[in-house]
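Here is a short briefing to read alongside the structure.

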Amino acid sequence: MSEKLKLVSRVSAINWNRIQDEKDVEVWNRLVNNFWLPEKVPLSNDIQSWHTLTEAEQLMTTRVFTGLTMLDTIQGTVGAVSLIPDALTPHEEAVYTNIAFMESVHAKSYSSIFSTLISTQEIDEAFRWSEENENLQRKAEIVLNYYRGDDPLKRKVASTMLESFLFYSGFYAPMYWSSRAKLTNTADLIRLIIRDEAVHGYYIGYKYQKGLEQETPERRQEMKDYTFELLFELYDNEEDYTEALYDPLGLTEDVKAFLRYNANKALMNLGYEGMFPKEATAVNPAILSSLSPNADENHDFFSGSGSSYVIGKAVNTEDEDWDF
Amino acid sequence: MPGIVYFSSVSENTRRFVDRLELPAARIPLRPVDAPLHVKNPYVLFTPTYGGGDGQGAVPKQVIRFLNDEHNRSLIRGVVAAGNTNFGSAYCLAGSIVARKCKVPHLYNFELLGTAEDVTRVREGLGQLWLQQ
């Protein structure tokens, strides 16, 4: 590639004792506290469960993971790194290096899953599929074009879309298996990735909004229009990708609701309201519950149904400064 | 006149949700140097949830500081939490913790900026709640 390498123009020694944006420290700490490695997850406990899947189910699952590997590789080697030159603070630069590394951990963890569950030949075939799948290549191409482009705000939008939306056609599969008590250790690992991506999407979206504050009303409108157009473009492609993966198992429509639900969350991370209406984003409760065990509990006290005097369960808090 | 007390970090997600309710609301200050908030009337607390999957630091420090004031704490009538289902079992955990600590109902959860339905639901719900007080 003959592009000119873009780097930060001037580097000053980073001083963590002088903070311009508290969010940088908060997110850095959160990412560090969330740090994990795939070796800690006992994936081999899933071998038996893996063999209860049909051939078609195994094929779908393997392909899903190569697709996710692809996205994490992009985000680790290009995406997060491409955000560094436009960072507003030195601490923001540091956070992106953390994000980049963690994406590489994610990408590597799929290889741990593969080596645990399938043969070398099957792994190679799955990677070949990912190279040849038009929709997967298309989504990589759309995002990579913005990373290579010269608009820092558009780069952040594309990056937030990847973190908060494009992964979810893939994340559906392990949540689906987990809801059926299959591949539960793999699902535990994927949940760690899902948690990380939430912090990444939140942070990059926040920095996008900070950047937007400094722009003219016309430019803000341009960015909003651009964001929604990009989302539509990506969503169209995601629909095709989803059909290719899930049609054989009859899961496509269920996955699409999950996509739209997450597309709305990507928009919210960028400071916009969701685009898809409630009816279109009704995620299968089993999937939601697999993702977030207490999301389906009754926390609508207002509805007056059931035992709605909901008091939280026992949880650990930092009691030293919570002194009543 | 009962009301809303909320905390929102510089990301302003929770503030934007509260703004859309179009009800009187007081904000818990962000920085330790800011004058603390003292309330005089019953209120419902709106708080984001911080942290990762292990539940550490789920309630923002600023909210803890506000609730450590006994008078403030005596006037809380319920809590609404914001969060993200990506955090798994820590989703909206701040709401559960405050509800348990203060022995008030955990009224509602919403994600990020909340949806139009969430706004309607909470507006209606708060109206009913204040009628019962």
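A salt bridge here is a side-chain nitrogen of Lys or Arg within 4 Å of a carboxyl oxygen of Asp or Glu. By that rule, A:Glu243 and A:Lys256 make one, with their closest N and O atoms 2.8 Å apart. A:Glu243 belongs to helix α10 (residues 217–246) of chain A and A:Lys256 to helix α11 (residues 252–269) of chain A, so this pair ties together parts that are 13 residues apart in sequence. Please keep in mind that this is a predicted model.

- A:Lys256 counts as buried because its relative accessibility is 6%, under the 20% cut-off.
- A:Glu243, at 28% relative accessibility, counts as partly exposed.
- Elsewhere, salt bridges with shared partners link A:Asp151, A:Lys154, A:Glu215, A:Arg219 and A:Glu222 into one network.

- In helix α1 (residues 22–33) of chain A, A:Glu26 and A:Arg30 sit four residues apart, about one turn of the helix.
- Their side chains meet in a salt bridge, at 2.7 Å from N to O, and both A:Glu26 and A:Arg30 are buried.
- Helix α6 (residues 134–148) of chain A holds A:Arg138 and A:Glu141, which are separated by about one helical turn because they are three residues apart.
- The side chains of A:Arg138 and A:Glu141 also form a salt bridge, at 3.5 Å from N to O.
- A:Arg138 is partly exposed at 33% relative accessibility, and A:Glu141 is partly exposed with a relative accessible area of 44%.
- Over all chains, a search of the whole structure finds 24 salt bridges.

**Chain B: fold and dimensions**

- Five helices and five strands make up the elements of chain B, and from the N terminus on they run β-α-β-β-α-α-β-α-β-α.
- A compact globule of 133 residues would have a radius of gyration near 14 Å, and chain B agrees with this at 14 Å.
- Along the principal axes, the C-alpha atoms of chain B fill a box of roughly 35 × 35 × 25 Å.
- Taking contacts in chain B between residues at least 6 apart in sequence, 67% join residues at least 24 apart.

- Of its 133 residues, 60% count as buried in chain B.
- Chain B exposes about 5200 Å², with carbon and sulfur atoms supplying 54% of that area.
- There are 15 positive and 11 negative side chains in chain B, and the centres of these two sets lie 6 Å apart.

Key:
Residues numbered from 1 in each chain as written. Chains lettered and ligands numbered in written order. Predicted model: local features only at pLDDT ≥ 70, side-chain atom pairs only at ≥ 80, totals over all residues. Heavy atoms only, no water. Helix = DSSP H or I, 4+ residues; strand = E, 2+ residues; numbered from the N terminus. Rg over C-alpha atoms; globule rule 2.2 N^0.38 Å. Buried < 20%, exposed > 50% of the residue type's maximum accessible area, 1.4 Å probe, protein only. Contact = heavy atoms within 4.5 Å. Areas by Shrake-Rupley, 256 points an atom, 1.4 Å probe, with all protein chains shown as cover. Lys, Arg positive; Asp, Glu negative; His and termini not counted. Charge placed at Lys NZ, Arg CZ, Asp CG, Glu CD.
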